[in-house]
Structures are given as C-alpha cells and as structure tokens.
Amino acid sequence: RFHQDKRVLHDARPFAMAHAVASMSAVSAAVAGPRFTAQTAKSSSLRVSTLAQRTAARKVASQMASSNVNAIIVEEETAEAGTGNAALYAQFSKLLVDYEFAYKVGDKISGKCFHCDAKGAWVDIGAKAAALCPASEASLADVKNASAVFDIGEEYEFEIIKEDDGDGCLTLSVRKIQLEAAWNRCREMQANDEAVTSMVLSVNRGGLLVEVEHLRGFVPQSHIAIRTPNREELVGQLVPVKFLEVDEEKNRLVMSNRLATDMVAGEGLGVGDVCKGIVQAVKPYGAFVDVGGVSGLLHISQISHDRIVAVENVLAPGDELKVLILSKDAERGRLSLSTKKLEPSPGDMLRNPALVFEKAEEMGRIFRERVAAAEAAAQAEEGASSEMAGMEKSTDESTDESA
C-alpha cells in the first residue's frame with residue numbers, strides 16, 4: 001500500500017510544477033503593472049485559463065489517486081476477511097467430520113424434543129438433521145398425538161427403528177423400549193409367582209382377552225374362577241391373574257384368573273371355616289358358589305342329608321348361602337363346600353334353609369370340634385401302635401439274647 005501511495009504522488013508531481021509556474025507568472029504581471037502591453041495581457045489571460053484547466057486536472061487526479069488508494073485498502077481487507085472465513089469454514093467442516101456419529105437400527109440414544117406436530121415429535125440427537133419419533137411409536141399405550149407424551153425441552157431415551165431417509169432424518173421409537181421392559185417385567189413376575197391386576201378387554205367362547213402392562217393376554221375358560229350368568233359383564237372390569245406362559249418371541253401371554261384368585265382372595269380361608277357365598281351357576285351335579293372371589297363347588301351330595309332329585313329345585317343363581325369349607329385345592333384354585341354339615345337336623349336345607357343360615361357358625365364350630373377330636377384320636381391310636389410295636393421288638397430282642 002505504501003508503494004502504491006508513492007506511485008500516485010509521483011504521478012501528480014507534474015501538475016504541482018505547473019501550478020507553481022502559473023503562480024509565479026501571476027505575481028510578475030501584478031508587479032509590472034502598466035508596462036504590460038495588450039499583447040502581454042492577452043498572454044496573461046491565456047496563462048490564467050491554462051492554470052484553471054491545470055488546477056481542475058490536478059483536482060481530478062487527486063480524487064482518482066484517493067479512490068485508487070481506498071479501493072486497494074478495501075480489496076486487501078476483503079482478501080484478509082475471506083482468508084479468515086475460509087479458515088473458520090475449514091475448522092467447522094473438520095468438527096462435523098470428527099463428531100459425525102454412525103447411527104444404526106437398534107441403537108438406543110438420548111435426545112431432546114423441540115417440536116411436536118401431526119407427524120410426531122422432532123428430536124435433537126446431535127446429528128446433522130433432526131430425528132422423528134412418529135406418534136404411533138411415542139408410547140406402548142394407545143395415543144393419538146405425540147404432544148400428549150412428550151414435553152418440549154425435555155430429554156428422552158429412544159431406539160432407532162429406521163435408518164437415514166435420504167435427508168439425514170432417523171426414525172425413533174419409545175414404544176419399542178417400553179415393549180421390551182413390559183416383557184421383562186412379565187417374566188420376572190412369572191418367576192416370582194406374583195399375581196397382578198388385569199383389565200378385561202373382551203370375552204369369547206374360549207375365555208377372556210385381558211391387558212397387563214399394556215400387553216394383551218389370554219385367560220382360558222378353564223382358568224376363569226369368576227362365575228357369572230352373563231360373562232359380558234366382565235368387560236371393563238379388573239380381575240386378578242397369574243402368569244402361565246410368557247413367550248415374547250411368539251407374542252404369547254397366557255394367564256390364570258383361577259390361580260390368582262386363590263392366592264389373592266383365598267388367603268385366610270381354611271378347612272372348617274364357615275363363609276358366605278353367592279350361587280353363580282347351577283348344574284345337574286351341584287352348584288358353583290363364589291366365596292370371596294374364589295369359586296367353590298357345592299356337590300349335590302353335600303347340599304343336604306336328605307336325597308335331592310334336582311339341584312335347581314333347591315338352589316338358584318343369586319341365592320346367598322353360608323357354606324362350610326371341606327377342602328381346598330390350591331393348585332386348581334377351587335374349594336369343596338358343604339351345607340350338609342351345617343344342618344341342625346337332617347333335611348333342614350330342604351325344609352328350613354333360613355335356620356341353616358342362622359345356625360351355620362354354631363354348627364361349624366361343632367364340626368371343627370369333631371374333626372379335632374377325630375384327629376386327636378387318630379394320633380393317639382398311632383402313638384399306641386408305635387409303642388406296642390416298640391415293646392414287641394424289645395421282647396423279641398430279649399428272647400434272642402436268652403437263646
């Protein structure tokens with residue numbers, strides 16, 4: 001730039017010399033005064049005109065020199081800025097390469113949700129482009145809008161289920177992570193023999209379709225402990241179940257209401273206890289009675305001491321009874337019941353069932369006392385037999401020694 005300025009000044013030097021000559025001529029004319037002739041005046045006028053032209057030329061040259069210097073300065077500054085920007089862009093490109101992640105399907109990553117729309121939730125995962133979690137993959141539960149699940153600015157864990165779509169956008173899922181966790185919880189509860197609460201979704205001839213941990217499972221007909229004339233009434237209700245089969249690969253979940261009912265509702269029920277029950281169904285061989293959520297069979301032979309021709313002549317669905325627990329099958333989740341043992345007099349269930357209901361606790365106590373006495377007698381007899389066997393053995397040994 002210094003050399004450029006020097007060159008501009010050197011080019012303007014002739015104009016400066018012309019200006020000095022013109023100035024000296026003007027001074028000489030002023031001193032000579034009247035001695036100048038008309039011809040001299042004419043020459044002087046011409047010189048003034050030339051001086052004015054040279055002055056204008058000098059001004060133009062000065063402006064051009066200044067413009068050239070400014071242009072050179074701007075050009076140099078632009079070149080310097082361009083060089084700096086190029087270096088910054090190169091550094092930025094290197095950072096992109098260094099921090100570019102090779103994502104693949106199945107990877108679990110964390111990302112921050114920054115926008116939700118009709119497509120789903122848009123997530124910043126630190127890649128070149130935002131990733132999308134569709135509304136259908138936002139939750140294991142049935143949701144219509146991703147905004148019902150995600151909060152803007154919050155960070156969540158996702159699993160990649162689809163690779164780059166060509167625009168750098170990955171497809172994410174929360175549902176798949178929750179699905180895996182739900183199957184793991186079901187396997188753990190099966191291993192621990194735990195009972196859980198399920199929602200009845202529908203009913204068919206084979207059994208119940210229920211939902212547990214947002215997974216759909218099936219309860220076979222033989223494992224339904226709840227007895228009701230209209231099973232459709234169970235839809236929407238909560239029922240306890242235990243796991244019979246948990247197979248994630250086959251997407252198979254089989255459960256038992258009967259086993260869970262025995263554990264949840266049947267705890268505390270023992271042989272000889274007197275309980276209230278509701279007749280759920282009447283069959284030719286007896287009646288099924290719901291006792292605190294546990295299904296029990298009141299066999300026709302245990303209804304009364306008197307002979308019964310048809311069970312429907314004695315009992316009907318909805319009848320309230322007091323029954324005695326004769327036995328308890330924990331594996332099948334069933335109880336064996338009796339009203340025969342609660343009759344104050346043989347045949348009272350046919351002639352005066354209200355009396356049987358009223359005297360049930362007293363008759364149950366008498367039954368337990370009889371059972372206890374019988375057990376004590378059996379133990380005493382077993383002890384006596386053992387003692388006799390021991391004495392006979394000692395006698396035999398003594399005889400052998402004498403011989």
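**Reading the model, feature by feature**

Guide: At 58% relative accessibility, Asn251 counts as exposed, because the cut-off for that class is over 50%. Please bear in mind that this is a predicted model.

Visitor: Where is Asn251 found?

Guide: Asn251 belongs to the loop that links strand E9 (238-247) with strand E10 (252-256).

Visitor: What is the phi of Asn251?

Guide: The general idea is that most residues other than glycine have a negative phi. In this case, the phi of Asn251 is near 55 degrees, a positive value in a residue other than glycine. His214, also not a glycine, has a positive phi of about 65 degrees. His214 lies in the loop between strand E7 (207-212) and strand E8 (215-220), and at 46% relative accessibility His214 counts as partly exposed.

Visitor: Is Ala135, by contrast, buried or exposed?

Guide: Ala135 counts as buried, because its relative accessibility is 13%. Ala135 is a loop residue, placed between strand E3 (131-134) and strand E4 (155-162). Beyond the residues up to four places away in sequence, Ala135 touches Lys119, Gly120, Val143, Lys144 and Ala146.

Visitor: How should I read the chain as a whole?

Guide: The protein chain has 8 helices and 15 strands. Of its 403 residues, buried residues make up 30%. Among contacts between residues at least 6 apart in sequence, 59% join residues at least 24 apart.

Visitor: How is strand pairing to be read, and which strands does E1 join?

Guide: Strands of a sheet pair through backbone hydrogen bonds, in either a parallel or an antiparallel sense. Here, strand E1 (residues 108-116) runs antiparallel to E4, and 5 bridges join them; Ile109 stands opposite Phe158 in E4. E1 also runs antiparallel to strand E2 (residues 120-124), with 4 bridges, and Cys116 stands opposite Ala121 in E2. E1 and E2 form a hairpin with 3 residues between them.

Visitor: Which strands form the closed barrel?

Guide: The closed barrel has 5 strands in the order E11-E12-E13-E15-E14, and its pairing is mixed. Neighbouring strands of this sheet are turned by 50 degrees against each other on average, direction ignored. Strand E14 (residues 320-329) and strand E15 (residues 334-338) run antiparallel and are joined by 5 bridges. On this side, Leu324 stands opposite Ser338 in E15, and Ser327 stands opposite Ser336 in E15. E13 and E15 pair in the parallel sense over 3 bridges, with Leu297 opposite Ser336 in E15.

Visitor: What does one look for in a nonpolar core?

Guide: In soluble globular proteins, nonpolar side chains tend to be buried together. The largest nonpolar core here has 24 residues, of which Val289, Val291, Leu298, Ile303, Leu321, Leu335 and Leu337 touch the most other members. At least two residues of this core come from each of strand E11 (274-283), strand E12 (286-291), strand E13 (294-299), E14, E15 and helix H8 (360-402). E14 supplies the largest share, 4 residues. Apart from this core lies another, of 21 residues, among them Ala182, Leu215, Phe243 and Met255.

Visitor: With which residues is Ile303 in contact?

Guide: Leaving aside neighbours within four places in sequence, the contacts of Ile303 include Leu298, Ile308, Val311, Val314 and Leu315. Thr339, Lys340, Glu343 and Met349 are also among them.

Visitor: How many aromatic pairs are found, and how is one of them classified?

Guide: A search of the whole structure finds 4 aromatic pairs. The rings of Tyr156 and Phe158 have centres 6.5 Å apart and planes at 70 degrees, so this pair is edge-to-face. Phe150, Tyr156 and Phe158 are linked by ring pairs into a cluster. Tyr156 counts as partly exposed, at 22% relative accessibility, whereas Phe158 is buried, with a relative accessible area of 0%.

Visitor: Which residue lies over the face of Phe357?

Guide: Lys322 lies over that face, at 4.6 Å from the ring centre of Phe357.

How values were computed
Residues are numbered from 1 along each chain as its sequence is written. This is a predicted model: local features need pLDDT of at least 70, side-chain atom pairs count only at pLDDT 80 or more; totals for chains, interfaces and linings use all residues. Side-chain values use heavy atoms; hydrogens and water are left out. Buried means under 20% relative accessible area, exposed over 50%, partly exposed in between (1.4 Å probe, protein chains only). Contact means heavy atoms within 4.5 Å. Two strands pair if DSSP finds at least two bridges between them. Axes are lines fitted to C-alpha atoms, for helices over the stretch in contact, and angles run from 0 to 180 degrees between N-to-C directions. A nonpolar core is a set of buried Ala, Val, Leu, Ile, Met, Phe, Trp, Tyr and Cys residues joined through side-chain atoms within 4.5 Å. Rings of Phe, Tyr and Trp (its six-membered ring) pair if their centres lie within 6.5 Å; planes under 30 degrees apart count as stacked, over 60 as edge-to-face and the rest as tilted. A charge sits over a ring if NZ of Lys or CZ of Arg is within 6 Å of the ring centre and within 35 degrees of the ring normal.
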